Amino acid sequence: MRLLLVEDEKKLSAAVCAMLRKANYTVDTAYDGEHGLDMCETDIYDAVILDVMLPGMDGFEILQTMRADGIKTPVLMLTARGGVEDRVRGLEYGADYYLPKPFQVAELLACLKVITRRGESLQPEQLSYGGLTLRQEDGKLVYEASGESIRLGAKEYQLMELFLRNPAQILPKDMLAERVWGLDDESEYNQLEVYISFLRKKLQFLTSEVVIQTRRGMGYSLEKKND
């Protein structure tokens, strides 16, 4: 999953990013309100972690603008302003959760799981397809038929997560590159092909019946060999 963290305290931002990346999230950052809003409006994120007290535009203004523009991305407000009035205001403006600072790592991760699994988009802790299971807790891909497992690197994990959330569907190259590497990486397409190759080798190692197919001119799809 790809997250956006809008937090002006750079040391705290770096610490939260490190923690989230360790949990296999992809994280982009913004350090002021205007930049944060611009990134939110790309609508490429699975969730936004949003501070309230920001230079340029505060978190409440960002949230109001997002919802007014029809952006439904889940938002976790993470802020030192933990009073009842502020919490109520954030929730009324469309926040999905309001977590005051200081916070516990386990609680932040649990909150993210809740807001990204809400409603009809409820998603399992472990993604599975064709006998493959992706485990978030240890970053391993498991093939149930053989019991074999293999650890995935961070980018490999993010790509496989996208494939497993959209099995047997063609995922465009630009969408995959954007979701895993972001909007500004000039080498994203070359990197994508390299990491697709890595994943294919790991699927072969597992002797899986699932393969990543190239759909020329369109993208890639995760499919069962016999389909």
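Residues are numbered from 1 along each chain as its sequence is written, and side-chain values use heavy atoms, with hydrogens and water left out. In this predicted model, local features need pLDDT of at least 70, side-chain atom pairs count only at pLDDT 80 or more, and totals for chains, interfaces and linings use all residues.

Helices (H or I, at least four residues) and strands (E, at least two) are DSSP runs, numbered from the N terminus. An open sheet of five strands has the order β2-β1-β3-β4-β5, with parallel pairing; two strands pair if DSSP finds at least two bridges between them. β2 and β5 (97-100) are the edge strands, each pairing on one side only. From one strand to the next, the twist averages 20°. Three bridges join β3 to β4 (residues 75-79) in the parallel sense, and Ile-49 stands opposite Leu-76 in β4.

Helix α1 (residues 10-22) contains 13 residues and reaches 18 Å from its first C-alpha to its last, close to the 18 Å expected at 1.5 Å a residue (the expected span is 1.5 Å times one less than the number of residues). Ser-13, Val-16, Cys-17, Met-19 and Leu-20 of α1 are buried (under 20% relative accessible area; exposed is over 50% and partly exposed in between, with a 1.4 Å probe and protein chains only). These residues lie on the same side of α1 because they cover an arc of only 165° around the axis, the arc being that of the directions from the helix axis to the C-beta atoms. On the other side of α1, Lys-11 and Lys-22 are exposed. The cover over the buried residues includes β1 (2-6), β2 (26-30), β3 (47-50) and α5 (105-115). α1 lies across β1, β2 and β3 and runs at about 165° to β2; axes are lines fitted to C-alpha atoms, for helices over the stretch in contact, and angles run from 0 to 180 degrees between N-to-C directions. Just after α1, Asn-24 adopts a positive phi of about 75°.

A nonpolar core is a set of buried Ala, Val, Leu, Ile, Met, Phe, Trp, Tyr and Cys residues joined through side-chain atoms within 4.5 Å. The largest has 27 residues, of which Leu-141, Leu-152, Met-160, Phe-163, Leu-176, Ile-212 and Leu-222 touch the most other members. α6 gives the most to this core, with six residues. A second, separate core of 22 residues includes Ala-30, Ile-44, Met-57 and Leu-63.

Methods: Contact means heavy atoms within 4.5 Å.
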